[in-house]
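Colleague: I am new to this one. Please show me how to read it.
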Amino acid sequence: MSEFVNPELVPKVKFYTGEEVPCIGLGTFGSDRVSAEDVAKAVDGAIRSGYRNIDCAACYGNEDLIGDVLKNLLSENVVKRDELFVMTKVWNDMHREVAKALKKSLSDLKLDYVDMYYIHWPFPNYHAPHCDVDSRNPDSKPFSVDEFCDTYEQIAALQKEGLVRNIGISNLTIPKLEAVLPKLSVKPAACELEIHPCFQQNELMQYLIDHDILPVGYMPLGSPRRPERDIVETDINDMAEPVITEIAKNHGVHPALICLKWAQQRGEMAIPFSIHNYVANLKCVTEDPLSDEEMKAIGTMERNNRLVKGQVFLWPGAESWHDLWDEDGVIVQ
Ligand SMILES: NC(=O)c1ccc[n+]([C@@H]2O[C@H](COP(=O)([O-])OP(=O)(O)OC[C@H]3O[C@@H](n4cnc5c(N)ncnc54)[C@H](OP(=O)(O)O)[C@@H]3O)[C@@H](O)[C@H]2O)c1
């Protein structure tokens, strides 16, 4: 068996409810490159190695195999259900049928409840797995406050039934948050957003902290094997940047671990994907922290290096992917 990292030693992040969870969760998006079988195998190995936090989604196409793994680990008593924090997400084509979507995820994951249920994207705009960057769904629509709140309240009702412990949101902007937060009957516990050293989202991160919503950083390593549709020539490879490689050299570790230490010390939950390096990724936050100077040096790396531009979610009439991100401070319609 591979090395075991004592979950007690993994630093925790705290939701406004007071609940604490490990600051590192395992991502499970195979990026159209890693098979569902290999992702499920990594979930098995990760939980056996001390992971207690897993980030799933219906659209990753692997919840059924992850569910087999969870069922097996629970029946073998490797872990108890209440020691695990399992997160999943409603996909864009199910915003009007959230109960059905959740029941499918629960049935696939072989669980009675999930610990966090996110609205994956704030647009009801479906695209097929493996699609290319020019793929557009003609039924796509711009953001609607009312429709988003309706989807959210469907989750709130499922929370009352005990099927969802916490509600999460994802890929929102400050203008969208300003519009929806006052209308929601339950405050979201967490928000997933893209964060890595060259895309720090400082303003949005501060907004979330000020509103007591936990920032959950996705692609914390700059997702070197992201889907083809999300790669453009001008993208920066965070882990190859000199600030990161220099600090990594000084600590004698892979640059990935520097990105994760930075994420942890900055106060977010990070959800790195890995089928080969997941033990090192969990262990690195339990030892050898970055100094204040190193944290400051990484703080200077911001380059607006957004990797998930989201072109496939655009609606007819939208001009470019920038429209998804409300860059002028107003919701683009
Ligand atoms: N809410 C959303 O809209 C959203 C969007 C995107 C992603 N996510 C979530 O965020 C998770 C993470 O994002 P991601 O998977 O795109 O990118 P990522 O975690 O930034 O990068 C994963 C890549 O880094 C490599 N890696 C991991 N640890 C490493 C290490 N210690 N040394 C060297 N290489 C290492 C992995 O390779 P190996 O497998 O070989 O280790 C894999 O290719 C996803 O899996 C998903 O759960 C959410």
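Modeller: Start with naming. Helices (H or I, at least four residues) and strands (E, at least two) are DSSP runs, numbered from the N terminus. Residues are numbered from 1 along each chain as its sequence is written. This is a predicted model: local features need pLDDT of at least 70, side-chain atom pairs count only at pLDDT 80 or more, and totals for chains, interfaces and linings use all residues.

Colleague: Which helices each supply at least two residues of the shell around the ligand?

Modeller: Helix 8 (255–266) and helix 9 (278–283) do. A residue is near a molecule if its C-beta atom, placed from the backbone, lies within 6 Å of it. Here 31 residues surround the ligand, and the closest are Gly27, Leu221, Ser223, Phe273 and Asn277.

Colleague: Which residues of helix 1 are buried?

Modeller: Buried means that 20 or more other C-beta atoms, placed from the backbone, lie within 10 Å of the residue's own. In helix 1 these are Val39, Ala40, Ala42, Val43, Ala46 and Ile47. Seen down the helix axis, they fall within an arc of 155° (taken from the directions from the axis to the C-beta atoms), so they line one face of helix 1.

Colleague: What follows helix 1?

Modeller: Gly50, with a positive phi near 120°.

Colleague: How do strands make a sheet?

Modeller: Strands of a sheet pair through backbone hydrogen bonds, either parallel or antiparallel. Pairing requires that DSSP finds at least two bridges between two strands. Here an open sheet of 8 strands has the order 3-4-5-6-7-8-9-10, with parallel pairing. Strand 3 (26–27) and strand 10 (269–270) are the edge strands, each pairing on one side only.

Note on methods: Buried ≥ 20, exposed ≤ 12 C-beta atoms within 10 Å, placed from the backbone. Contact = placed C-beta atoms within 7 Å.
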